[in-house]
Amino acid sequence: MSKLNPQQQAAVKAIDHPLLVLAGAGSGKTRVITEKIAYLVKQGLPARHIAAVTFTNKAAREMKSRVSKLLDDKQQRGLRVSTFHSLGLDILRAESKTLGYKSGLTLFDEQDKHTLLRNLISHGAKDCDIDNVDSYARQIGQWKNAFVTPEQSVTIAKANEYPAANLYIDYTRSLKAYNAVDFDDLILLPVLLFQQHPAILEKWQNKIRYLLVDEYQDTNITQYQLVRLIAGNLGRFTVVGDDDQSIYAWRGAQPENLAQLQKDYARLHVIKLEQNYRSTGRILKVANQLIANNPHAFEKRLWSELGYGDPLRVLSHKDEQIEAQQIVSEIIHHKFKTGSNYQDYAILYRGNHQSRLFEKGLRENNIPYFISGSTSFFAYSEIKDILGYLRLFVNQDDDAAFLRVINTPKREIGPSTLEKLGAYANERHISLFAASTEFGLSQRLSEKAMHRLTKFRDWVIDTADRIERGDTFAVIEQFIDQIGYPQHLQEESKTKDSADRKLKNVYELIEWLKRIADKETDGQMPLAEIVAKIMLMDIMERNQEDEASDQVSLMTLHAAKGLEFPHVFLIGIEENILPHQNSIETDNIEEERRLAYVGITRAQRTCTFSYCTHRKRYGEVAECEPSRFLSELPEDDLEWVNKKQLAPEVIKERGKASLAHLKTMLS
Ligand code: ATP
Ligand code: MG
């Protein structure tokens, strides 16, 4: 605490008023949150009455680890540090009965949501066109984030939104029938619950007596409602944020929520932090000048004592292959020259697809790296399959899971059987699993088909039973062999290697489930809860152990929020990439500028931009222009390097040479 500056100290000690800390990047906002948790505990508020929420699992984990340096195990007991969604899930699970759910609530991911919507449309949802399913899904998500219920959506929908509004009603009803919720429900349903059941709200207000929110600028309307309800009229909260880093408008984030706080809480105190403890003066100056091009509701100044630093470099490349090679070789060189570690470097980009060539380059040079938030572990088909089974074991009404696994491995239950089953379930408003047992269905199916369905159904019930009664993980390991999943992978995969890798992923998933079960409850956690928890995680969580080792980080600008690295490479700073083409077309440059600002302000000591003059787009080589954002930066603080192109062979050779050199130095 003694190391905090006076404004930070004031923010930590302010507990009699609701508090907003509004400050620029790297000014110690997150630090204030962690110090404040420790302060509250030391003032006598038990940790179990404190909740801190942030936006990503990674940030939550980082926060937990910072807190554990300030408090011992006993002092931390019961502390909630989590994402908004994970807090919502805890509330839902605890109160699912009141909301009319059975136990074993299933969490639908985006793909499940699409599957369900497609099913509803193909079974005759009013005026809907299956080709528009993406846009309906998006619209329903937007309504949920803007705290619009299905009934309200019908009244506010514009003419062209009617089909989506009707679909929203059907979708909500089906989710309920399947005992499932989607991601947006994790916030929306707790808010509805609290509004409708004051006694339950009071219980939770009693549990969470102080609430802290990081990255507050990215909350959407529904999340803000949740904050307001939990914090109550007294406003027992501290929220910290930076309007210049609001980068989730597309998910309904409302930086206006910052101003809204002032309206809703007359006693709100606002503290500004101005000293940046992260970056050199030059990095800050460049970032500040860039963001000055956006209109500002709140004025902020940022200064740093960390020295003026090196100019920010701008690299130009002939194409994306060379860009990747050149940057990999830069990292090798720089690491060698300065004796840094791989973990000191981050490569940041606008879209996930940009990472591919960099991965290749890093791998070819044997450089350890890790990608946050890229293709999620959960997007792998083998993981979806096994999770599908687990979901079905804990909730037989989970139709998305049912469809996922019914023919994986093949059970010769053909499309026409499934179609009839679907139609029957739809008429009767019951789940596929429930329908598969009904006499009425047997009138429509051949004996053979009915027999196969019944066999599958009996097997699911039996396995679910054994899981509930006995050694969960032994049963899980057994069923994978029992259904012949390893053979299925061999048959479906192109190579034996790929089949082996997939099977390894399956076992990794099981190990991971075991760890979750052990971590909080010594292995006593019900499978339903484990599955729900795992559906909330992403790739970052899996890499928890890997992260500790020395690796170059690759991630999108969105994923980089809140983090810091000594050396940052912001790649593909080109028109149509950053700013993104869609944003140019919809005139949404300000949000792109904030993204660039987030990128630059991750850097502690050096920041390097890179762009290509040519790049393959949609299979053709197109000419590219450097991003307009580069022209907004102070010329004196930039150093334009290799405007004249090095031959690709030279770059490649240089990379190899420095790696060889490095190896000799290390041996
Ligand atoms: P962002 O807007 O990017 O999320 P932030 O405002 O949350 O940034 P922090 O991550 O809390 O900033 O702090 C930035 C860095 O400065 C961290 O390394 C943190 O440990 C350090 N820092 C914060 N406050 C102080 C202080 N008073 N003295 C020394 N270092 C500090
Ligand atoms: Mg922060």
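Helices (H or I, at least four residues) and strands (E, at least two) are DSSP runs, numbered from the N terminus. The model is predicted, so local features need pLDDT of at least 70 and side-chain atom pairs count only at pLDDT 80 or more, whereas totals for chains, interfaces and linings use all residues. Residues are numbered from 1 along each chain as its sequence is written, and chains are lettered from A and ligands numbered from 1 in the order in which they are written.

**View 1. Domain 1 against domain 2.** The protein is divided into domain 1 (6-92 + 187-273), domain 2 (106-178), domain 3 (303-368 + 549-666) and domain 4 (378-545), with bounds that come from an automatic or database domain assignment. Between the C-alpha centres of domain 1 and domain 2 the distance is 31 Å, and their contact (C-beta atoms, placed from the backbone, within 7 Å) takes 8 residues from domain 1 and 5 residues from domain 2. On the side of domain 1 that touches domain 2, α10 (185-196) and α12 (221-231) each supply at least two residues, and the largest share, 3 residues, belongs to α12. That side has 3 nonpolar, 4 polar and 1 charged residues, where Ala, Val, Leu, Ile, Met, Phe, Trp, Tyr, Cys and Pro count as nonpolar, Asp, Glu, Lys and Arg as charged, and the others, Gly among them, as polar.

**View 2. The open sheet of 6 strands.** The strands follow the order β3-β2-β6-β7-β1-β8 with parallel pairing, a pair requiring at least two DSSP bridges between the strands. At the edges stand β3 (80-83) and β8 (269-273), each of which pairs on one side only, and from one strand to the next the twist averages 15°; axes are lines fitted to C-alpha atoms, for helices over the stretch in contact, and angles run from 0 to 180 degrees between N-to-C directions. Within this sheet, β1 (residues 19-23) and β7 (residues 237-241) are joined in the parallel sense by 4 bridges, and valine 21 faces valine 240 in β7. Helix α5 (residues 84-95) packs on the sheet, where it touches β2 (50-54) and β3 and makes about 110° with the direction of β3. Helix α1 (residues 6-13) lies across β1 and β8, at about 150° to β8.

**View 3. The surroundings of ligand 1.** Of the 19 residues that surround ligand 1, the closest are Gly28, Lys29, Thr30, Arg31 and Tyr277; a residue counts here if its C-beta atom, placed from the backbone, lies within 6 Å of the molecule. Helix α2 (residues 29-42) gives the largest share of this shell, 3 residues, and by class the shell comprises 4 nonpolar, 9 polar and 6 charged residues. Because domain 1 and domain 3 both give residues to the shell, ligand 1 lies between them.

**View 4. The open sheet of 7 strands.** With parallel pairing, this sheet has the order β13-β14-β12-β15-β16-β11-β19. The edge strands β13 (369-371) and β19 (638-641) have a single partner strand each, so one side of each is left without a neighbour in the sheet, and the twist averages 20° from one strand to the next. Strands β12 (residues 345-349) and β14 (residues 552-556) run parallel and share 4 bridges, with isoleucine 347 having leucine 554 in β14 as its bridge partner. Packed on the sheet, helix α16 (residues 356-364) touches β12, β13 and β14, its direction making about 160° with that of β13.

Conventions:
Contact = placed C-beta atoms within 7 Å.
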